[in-house]
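Hi there,

Here is the structure I promised to pass on.

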Protein chains: 2
Amino acid sequence: MKLKIAIAGYGNLGRGVECAVTAAPDMELCALFTRRDPISVKPSTNVPVYSMDKAPEMKNDIDVLILCGGSANDLPTQTPEFAKHFNVIDSFDTHAKIPEHFANVDKSCRESGKVGIISVGWDPGMFSLNRLYGQAILPEGNDYTFWGKGVSQGHSDAIRRIDGVLDARQYTIPVDAALESVRRGDNPTLTTREKHTRECFVVAEDGADLARIEKEIVTMPNYFADYDTTVHFISKEELLRDHAGIPHGGRVFRTGTTNGGKNSHVIEYSLKLDSNPEFTASVLVAFARAAARLNAEGVSGAKTVFDIAPAYLHAESGEYLRKNLL
Amino acid sequence: MKLKIAIAGYGNLGRGVECAVTAAPDMELCALFTRRDPISVKPSTNVPVYSMDKAPEMKNDIDVLILCGGSANDLPTQTPEFAKHFNVIDSFDTHAKIPEHFANVDKSCRESGKVGIISVGWDPGMFSLNRLYGQAILPEGNDYTFWGKGVSQGHSDAIRRIDGVLDARQYTIPVDAALESVRRGDNPTLTTREKHTRECFVVAEDGADLARIEKEIVTMPNYFADYDTTVHFISKEELLRDHAGIPHGGRVFRTGTTNGGKNSHVIEYSLKLDSNPEFTASVLVAFARAAARLNAEGVSGAKTVFDIAPAYLHAESGEYLRKNLL
């Protein structure tokens, strides 16, 4: 029998989960929950759409609910709330609040007997896993994480808030010289500026003061001031034509030594993604499989990617995996 | 209290485990078992050396026994035998016999209540994990594994068996054009010859027929006939000077699509290792930590890297990992 999956929230991530569940051989999508008027939501598949507040009524018909809201306003309340009724997966990525979020979800899960896997995706998610495996294998060494080339939604939004800006797209780009130094095993100490550059494509209002906008961008604290930032003013048509995608990616390195420093080793994990939300959604769906299986074995509580034995993620049996993938 | 680790077999891998246990903050090396005369074995640390047949007498003083013998002749009997008394880890890599070996180790572990983790290292091991994670995330896609540049012990040995050869070192080298094609997302179908080349450094006896030796190498079935192979004849001094190390490495790719083929993604995991046995040993030691922890929780039976939740591999607590690595 196929696993019954539901989605809460139908933005880019929700659409990605819809695609990923469709591609999974052992799953079916059985409900889409939205805070909008259900009539106004047009899914790509024929999944039925319900109002979010109807979800608890369907708790016996759903194996895993995948939460596709935002980390700032949705997930801190939604994940603990829905964990009272469902096995849940989220992509919570507000790093400083992960311990608090974990505790809240764990409390709900302990009471409901459900599994909640939080902070699933690629960072946090697959990158976190690679940091853990790397440190466990090479305790004497250094971690490096690089992001990009890819679109940063947060930085694009920050530019859009500047007076006179109609739209913007910001790319985070790793610095090649820094990547090469890490890859050679130099173990460099890198400043923020040495690791990444930022490139901005901005659509300005007619007659806006472009010099002022550019200055506001490159000097913006936290977002741009610590980076070498390039600003290009382009037309709305160019933005739509050349920058419509949401690509992203990055690399996690662990460089370390063995035999008292005599031998060096470099572990590198890299992602090159055409669509950030569709890849994130694909990771969420693999962990949804794990949540259903663990809960069927009687496990409950909050989990992260660190707590899930990899075999739970794959549709095939342990016997198949040992024979074909080991 | 530190985990008490023991080693069975003191070749290159055993020496690597000795280094890795020394580097682990939460472990101590408490015994080295050998089939040789213990007096003749000179470890790098002050670990006591015992005869292999004394091991069962020490079963209450050892948390995990790491088996460092060979897959052809040692592990098929040693791992099931020692699993009757100890939590064990091995690096069994005879791929076709993994299901049988798993069953044998599982039987012993079920009877003894111990944990046995087999086929640990980087391939099988970390590469297997990356094949599994990749397939689970991108079910619509292709796997690629490349090895090298690195020394293949098996191919070096095959050359040494040729009449007139005194010593040899064989490097397996991935073909750049194939790597680039996979990395671009071309999803190529690659022949054996298109994926890797082989480069051999051979020390021949004085007056040996070099043309005959070269021909025997490049036409050798299974080992070289299906590859483009280059042979260099060098002196014994050059071999010792330039080819004394045991470097290796490689790459695992998962390339796949989402949204019905609309978007492509490339996952790449790569290792560049100065010392193949020391890195393999470092992976064994991380999984030894997991074996001890799982067994302390009451778990028993044969396991592979697929069955171990990553958090068990790291010396720090779940709370620390969520705060610092997620």
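First, the ground rules. This is a predicted model, so local features need pLDDT of at least 70, side-chain atom pairs count only at pLDDT 80 or more, and totals for chains, interfaces and linings use all residues. Residues are numbered from 1 along each chain as its sequence is written, chains are lettered from A and ligands numbered from 1 in the order in which they are written, and side-chain values use heavy atoms, with hydrogens and water left out.

**The two chains**

Six strands make an open, antiparallel sheet in the order S7(A)-S12(A)-S13(A)-S13(B)-S12(B)-S7(B). Strands here are DSSP runs of E with at least two residues, helices are runs of H or I with at least four, and both are numbered from the N terminus; two strands pair if DSSP finds at least two bridges between them. The edges are held by strand S7 (141–147) of chain A and strand S7 (141–147) of chain B, each with a single partner strand, so one side of each has no neighbour in the sheet. On average, neighbouring strands are turned by 10° against each other, direction ignored (axes are lines fitted to C-alpha atoms, for helices over the stretch in contact, and angles run from 0 to 180 degrees between N-to-C directions).

Within chain A, S7(A) and strand S12 (residues 248–258) run antiparallel and are joined by seven bridges. One pair to look up is A:Asp143 and its bridge partner in S12(A), A:Arg254.

**A second sheet in chain A**

Four strands of chain A form an open sheet with mixed pairing, in the order S8-S9-S10-S11. Its edges are strand S8 (150–151) and S11, each with a single partner strand, so one side of each is left without a neighbour. Strand S10 (residues 196–204) and S11(A) pair in the parallel sense over six bridges, and A:Val202 has A:Phe233 as its bridge partner in S11(A).

Helix H5 (residues 153–160) of chain A lies across S8, strand S9 (165–174) and S10, running at about 145° to S9(A). H8(A) packs on the sheet too, touching S9, S10 and S11 of chain A, with its direction at about 150° to that of S11(A).

**A helix pair**

In chain A, helix H1 (residues 12–23) packs against helix H10 (residues 276–296) at an angle of about 55°, with the axes 8 Å apart. The two are therefore oblique to each other (under 35 degrees counts as roughly parallel, over 145 as roughly antiparallel, 65 to 115 as roughly perpendicular and the rest as oblique). Residues in this contact include A:Leu13 and A:Val17 from H1(A) and A:Ala281 and A:Leu284 from H10(A).

**Backbone details**

Most residues other than glycine have a negative phi, and most peptide bonds are trans. A cis peptide bond joins A:Asp123 and A:Pro124, with omega about 5°; A:Pro124 lies in the loop between strand S6 (115–117) and helix H4 (126–137) of chain A. Another cis peptide bond joins B:Gly148 and B:Lys149, also with omega about 5°. A:Asn222 has a positive phi, near 65°, and sits in the loop between helix H8 (210–218) and strand S11 (228–233) of chain A.

Terms used:
Contact = heavy atoms within 4.5 Å.
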